[in-house]
Amino acid sequence: MIEVVASMARGPVFLAGELLECLITFTNPMSHLSTSASSEMLAWASAQIHCQFHASENRVALPSQGNKQDVQADSDTVLIPSRGERGQCVLDTPPKILFCDLRLDPGESKTYSYSEVVPVDGPPSFRGQAVKYVYKLTIGCQRVNSPIKLLRVPFRVLVLQGMPEPPFPQDEEVCPSNPFLEEEEASRRDARALERALDMLMVTTSRRCPHMFNITNTRGKVAKFCIFKTVYRLGEDIIGTFNFSEGDIPCLQYSVSLQSEEEIQQQYQRRPGQAVSVTGHGRHLESCLHTASSHFSLPIPLNVTPGFSTDVVTLRWRLHFEFVTAREPMEPPTVLQNQSEVTVWAGAEHVDVDTFSWNLPIKVLPTNPALASYVSQFTGTNSISI
């Protein structure tokens, strides 16, 4: 028996275009003091990255794949990383041979390093209501005259889509110069694709440009709403303020929800005019009768998928507002200046109300993958015995 352990030291979340590194250790667990122990042999081992796509048959109409089989026979000697997986393999990297003819004595172990750039032309990791994209690193091992054994290590991929052009030339120094850093070290840092991408991401999401909106219904103005920006990265808080003192219509209650919209492209929709799937990721509810101003703060979870688009599905983000307003003016409670006793104001038992909603599109971008690794459902480590 040989134990195989694969571990991604930096974490299980990567940005597309980043270098993925994994240490793969092969161990013969038999004690070297055991007299019955013998050496173990492996014919070969290889590793590669692949992305598996799965769609709900009730919502997505995909082209027929014919008689294509994704299950590999036990007698085959060709490595198929998606063997036994559901759906289709939409992306895979060329396999890299780790070794051929490995011999391990009792108690001996050997470690091999695998590295590969995460493809930039693939979709992000996504688990939606109709579509799923799942990334895995697959290590294939085989003994002589034995079936192939597969060790899979799932990980998450973030993709930067819809980024504006950088506000600075690529060959300019992005960060302020630091006299305590050597020039070679600074230039090497700026040359890394991950550093450049994170710099662009930080610049794009740090711009604050207040957006003002007048909230109205058919009867008149309800409030003025202000949001400081509409482009965010994972983990940020969305903050907005309401000014009800400028409204003509009393607002009794409002709610704000962070929602994602999953829309299947028209050519792949199971039914014409198929509805968009909406998923909620947080909600703020507040009563605001006789309130001059109010604010809300909604955090964007680190484990959600930023907006993206493929030939099958598009994911967008929005803020969904719901307002409850009174049809008739409501007088605020009056408090006398020289009143010494405590006065309790009781609200009206019956109020005729109107309700209306409003959607504000926002853009959600990735964050530093090291930060997203802290809340990832994946550990970046897996093992198997062969």
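This report describes salt bridges in a predicted model.

## Overview

The model holds 13 salt bridges.

## R143 and E40

R143 pairs with E40 in a salt bridge whose closest N and O atoms are 2.8 Å apart. R143 sits in the loop between β9 (131-142) and β10 (148-158), while E40 belongs to strand β4 (residues 40-55), so this pair ties together parts that are 103 residues apart in sequence. E40 counts as buried because its relative accessibility is 13%, which is under the 20% limit.

R316 is part of strand β19 (residues 313-326) and E261 of strand β15 (residues 251-264), so the pair ties together parts that are 55 residues apart in sequence.

The two partners fall into separate accessibility classes: R316 is partly exposed, at a relative accessible area of 35%, whereas E261 is buried, at 15% relative accessibility. Both residues also belong to a network of salt bridges that links E261, E263, R316 and R318.

## D354 and R327

In the salt bridge between D354 and R327, the closest N and O atoms are 2.9 Å apart. This pair links distant parts of the chain, with D354 in strand β20 (residues 353-365) and R327 in the loop between β19 and β20, 27 residues apart.

D354 is buried, its relative accessible area being 18%. R327, at 40% relative accessibility, counts as partly exposed.

How values were computed. Residues numbered from 1 in each chain as written. Predicted model: local features only at pLDDT ≥ 70, side-chain atom pairs only at ≥ 80, totals over all residues. Heavy atoms only, no water. Salt bridge = Lys/Arg side-chain N within 4 Å of Asp/Glu carboxyl O. Helix = DSSP H or I, 4+ residues; strand = E, 2+ residues; numbered from the N terminus. Buried < 20%, exposed > 50% of the residue type's maximum accessible area, 1.4 Å probe, protein only.
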